[in-house]
Amino acid sequence: MGEECKEAAAGCGGRHAAEGVVDPADSAKLYEDVPPMPLMALNHISRPCKSVEDSVRFYVKALGFVLIHRPPALDFSGAWLFNYGVGIHLVQRDDARRAADVNPGELDPMDNHISFQCEDMGVMERRLREMRIRYMKRTINEEEGSAIDQLFFKDPDGFMIEICNCENLELVPAGALGRLRLPRGRHNPPVRMVHHDGDGN
């Protein structure tokens, strides 16, 4: 079931925090010749699935996503889900289209994953236990006074998901505060808040 994992500098596959990063003193060079961009927020992620039906059930039951109508122009098998300001687009794959970024083996926080912010880690952990979803639990950054709790687990295709309370960690821009665009108002796609059934009512 759950695996406890308290990470120091190199535990659980971790690396030194400073390894391979740009020196903040030199970060201004990164932004040379980069104009302000019109991006607003993450819209969706797309996942190829062995079974769209199984994946829909997982994302609805384990994470509370909501099924959304797909545009009729999409003439291939799949499903759209949405919640928390982000979409998940599931695509039925054939055997030749296995996702290259999936590691079906052990849980490794260094693997490709998506992460969801969580306001009650205990509730999320209980849900994983109820659904008998194998997960890894760890806490990092305790020494700095801003402990971050994390849960790692996999969807039916082996793609890893993280749940965290990362709001405990303050983000400090490295010399580019004026370039940050924080989503306000328009960052979510519009949602029609009326009842809609299969007959168009």
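This is a predicted model: local features need pLDDT of at least 70, side-chain atom pairs count only at pLDDT 80 or more; totals for chains, interfaces and linings use all residues.

I begin with one cysteine: Cys 49 counts as buried, at 1% relative accessibility. Buried here means under 20% relative accessible area, exposed means over 50%, and partly exposed lies in between, with a 1.4 Å probe and protein chains only.

Residues are numbered from 1 along each chain as its sequence is written, and side-chain values use heavy atoms, with hydrogens and water left out.

Let me stay with the cysteines. How many disulfides does the count come to? The count is one disulfide, where a disulfide is taken as a pair of cysteine sulfur atoms within 2.5 Å. In general terms, such a link is a covalent bond between the sulfur atoms of two cysteines. The partners are Cys 164 and Cys 166, with 2.3 Å from S to S. The torsion about their S-S bond is about -125°, so this disulfide is left-handed. Of the two partners, Cys 164 is buried at 2% relative accessibility, whereas Cys 166 is partly exposed at 28%. Cys 118 is also buried, with a relative accessible area of 12%.

I now turn to the chain as a whole. The protein chain has two helices and nine strands. Helices (H or I, at least four residues) and strands (E, at least two) are DSSP runs, numbered from the N terminus. Read from the N terminus, the order is β-β-α-β-β-β-β-α-β-β-β. Of the 201 residues, 30% are buried. Contacts, meaning heavy atoms within 4.5 Å, can also be sorted by separation in sequence. Among those between residues at least 6 apart, 61% join residues at least 24 apart. The chain exposes about 13,700 Å², and carbon and sulfur atoms supply 53% of that area. Accessible areas come from the Shrake-Rupley method with a 1.4 Å probe; for residues, only the protein chains shown count as cover.

Next, helix α2, which spans residues 121–130. Which of its residues are buried? They are Met 121, Met 124, Glu 125 and Leu 128. Seen down the axis of α2, these buried residues fall within an arc of 100°, so they line one face of the helix; the arc is that of the directions from the helix axis to the C-beta atoms. At the start of α2, a side-chain oxygen of Asp 120 comes to within 3.2 Å of the backbone nitrogen of Gly 122. After α2 comes Arg 132, with a positive phi near 55°.

My next topic is the aromatic residues. The structure holds five aromatic pairs. Rings of Phe, Tyr and Trp (its six-membered ring) pair if their centres lie within 6.5 Å; planes under 30 degrees apart count as stacked, over 60 as edge-to-face and the rest as tilted. One of the pairs is Phe 58 with Phe 153: the ring centres are 6.3 Å apart and the planes stand at 55°, so the pair is tilted. This pair links distant parts of the chain, since Phe 58 is in helix α1 and Phe 153 in strand β8, 95 residues apart. Phe 58 is buried at 9%, and Phe 153 is buried at 0% relative accessibility.

Phe 65 and Phe 116 form an edge-to-face pair, 5.6 Å centre to centre and with 65° between the planes. Here too distant parts of the chain are linked: Phe 65 is in the loop between α1 and β3 (66–68), and Phe 116 is in strand β6 (residues 113–117), 51 residues apart. Phe 65 is buried at 3%, and Phe 116 is buried at 13%. Phe 58, Tyr 59, Phe 65, Tyr 84, Phe 116 and Phe 153 form one aromatic cluster.

Finally, two loop residues. Asp 33 lies between β1 (2–6) and β2 (44–49), has a positive phi near 65° and is exposed at 79%. Asn 141 sits in the loop between β7 and β8, has a positive phi near 70° and is partly exposed at 22%. Thank you for your attention.

Conventions:
A polar contact is a pair of N or O atoms within 3.5 Å; within protein, one must be able to donate a hydrogen and the other to accept it, and residues adjacent in sequence count only if both atoms are side-chain atoms.
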